[in-house]
Amino acid sequence: MKIIVYAISKNESKFVDRWYESMKEADAIYCLDTGSTDDTVEKLKSHGVIVKQETITPWRFDVARNKSLEMVPNDVDICVCTDLDEVFEPGWREKLEKTWDNSDRLRYKYNWSLDDSGNPLVTFLYEKIHSRKNYRWIYPVHEILECLKDSEKVVINEDIVLNHYPDATKSRSSYLQLLELSVKENPDNDRNLHYLGREYMYYGRWNESIDTLIKHINLPTATWAEEKSASMRFISRCYINLNRREEAKYWLQRAISESPNQREGYVELAMLELENKNYLEVIINCLKAKTILTNAMIYINEPFCWDSTIDDLLSISYYSLGIKDEAIYYINKALETNPNNERLQKNKEIFTS
């Protein structure tokens with residue numbers, strides 16, 4: 001099989017060498033550079049990457065991705081789309097070849113966020129490996145691959161792992177405008193409404209976020225419970241920032257009802273109840289969250305549901321209720337996960353004094 005990698009780039013010089021080393025298991029690598037002013041293009045070419053330069057005006061991610069896909073010869077069997085801030089774990093090609101089986105698309109593990117020690121924080125299945133024909137990219141931002149066939153054969157190999165190491169200094173200020181355009185073009189698309197509502201929340205535009213997210217959850221096409229639950233949690237966050245805490249609590253309760261097998265709703269409700277000094281409610285919700293043992297691989301997962309946060313909340317609440325043995329037990333559990341946290345260390349000193 002002929003397997004190639006294709007990508008888009010702009011001012012990615014510091015990532016080029018690492019990215020190439022990860023991608024060189026492919027038969028060839030193609031990259032559309034959309035206007036680098038550093039030495040990205042020169043470094044790519046030095047590794048033998050086939051580079052084309054083109055400015056996309058007005059900027060849209062789907063247009064750029066489609067133009068990069070056009071660079072790929074038609075006789076290629078498998079296309080692997082990545083970004084330059086992503087790194088495959090070695091051996092990905094052999095695993096891909098063994099799994100492909102004349103498929104149309106392959107899903108694999110994507111560690112979107114990792115901690116400083118390289119441990120995954122947010123992991124979900126990605127699906128940017130596909131056959132050369134019958135695919136195109138759609139949506140101006142948070143673009144996805146659309147299959148042009150009536151049906152597609154999809155296979156999964158979670159042993160293929162792609163890690164994401166984003167550039168924290170790179171501006172993503174264009175995302176809001178592109179999301180607004182995306183919703184304008186597809187007003188009944190539930191996915192894009194969810195993303196737009198979340199983006200308004202990031203910008204502190206609380207009322208616009210609430211209105212947009214309510215539109216999302218009321219769409220007939222919005223059937224993914226986990227995503228609807230996330231919209232409800234985001235609405236709650238907006239109400240907290242508007243100092244309307246009863247409404248915030250109502251939306252968290254709805255989020256839990258919508259997706260009761262996720263930790264997120266329980267933990268965010270526990271956080272809210274801690275602020276309200278309702279310590280028994282904190283304990284009830286944290287213990288409910290702890291009964292959920294599976295962290296489903298979806299992009300909506302929140303790292304604070306699987307780190308030291310729950311044990312931290314429990315320790316504070318038990319101590320506040322005068323139940324010191326339980327407080328000490330849970331602060332020790334929190335420190336097992338996060339041993340260098342100075343606040344947790346100081347809390348243990350207080351609890352054990």
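1. In what follows, Ala, Val, Leu, Ile, Met, Phe, Trp, Tyr, Cys and Pro count as nonpolar, Asp, Glu, Lys and Arg as charged, and the others, Gly among them, as polar. On that basis, the lining of the second largest pocket divides into 7 nonpolar, 7 polar and 3 charged residues. The model under review is a predicted one.

2. The second largest pocket holds about 340 Å³ of space. Of its 17 lining residues, Asp115, Pro120, Leu121, Trp306 and Asp307 lie nearest the centre. Strand 7 (residues 120-131) gives the most to this lining, with 4 residues.

3. Ser113 deserves a separate remark. Its place is in strand 6 (residues 105-114). Because its relative accessibility is 18%, Ser113 counts as buried, the cut-off being under 20%. Leaving aside residues up to four places away in sequence, Ser113 touches Asn119, Pro120, Leu121 and Val122.

4. The largest nonpolar core comprises 103 residues. Those touching the most other members are Tyr6, Trp19, Val80, Phe88, Trp92, Leu96 and Ile129. In soluble globular proteins, nonpolar side chains tend to be buried together.

5. Val80 illustrates the contacts made in this region. With residues up to four places away in sequence not counted, Val80 touches Ile3, Ile4, Val5, Tyr6, Phe88, Trp92, Leu96, Lys128 and Ile129.

6. Helix 1 (residues 13-23) has as its buried residues Ser13, Phe15, Val16, Trp19, Tyr20, Ser22 and Met23. They lie on the same side of helix 1, because they cover an arc of only 155° around the axis. The elements covering these buried residues include strand 1 (3-9), strand 2 (28-33), helix 2 (40-46), strand 5 (86-88), helix 4 (92-100) and strand 10 (154-164).

7. In helix 4, the buried residues are Trp92, Arg93, Leu96, Thr99 and Trp100. Their arc around the axis is only 135°, so they fall on the same side of helix 4. Just after helix 4, Asp101 takes a positive phi of about 50°. Trp92 and Leu96 are also among the core residues that touch the most other members.

8. Ile323 is found in the loop between helix 12 (309-320) and helix 13 (324-337). Is Ile323 buried or partly exposed? Its relative accessibility is 37%, so Ile323 counts as partly exposed. Ile323 and Tyr299 are 24 residues apart in sequence, while their C-alpha atoms are 37 Å apart in space.

Key. Residues numbered from 1 in each chain as written. Predicted model: local features only at pLDDT ≥ 70, side-chain atom pairs only at ≥ 80, totals over all residues. Heavy atoms only, no water. Core = buried A, V, L, I, M, F, W, Y, C linked by side-chain atoms within 4.5 Å. Buried < 20%, exposed > 50% of the residue type's maximum accessible area, 1.4 Å probe, protein only. Contact = heavy atoms within 4.5 Å. Helix = DSSP H or I, 4+ residues; strand = E, 2+ residues; numbered from the N terminus. 1 Å grid on protein atoms, 1.4 Å probe; cavity = no way out; pocket = protein on both sides within 12 Å on 5 of 7 lines; lining within 4 Å. Points joined across faces, edges and corners; volume = space filled by probe spheres on them. Arc of directions from axis to C-beta.
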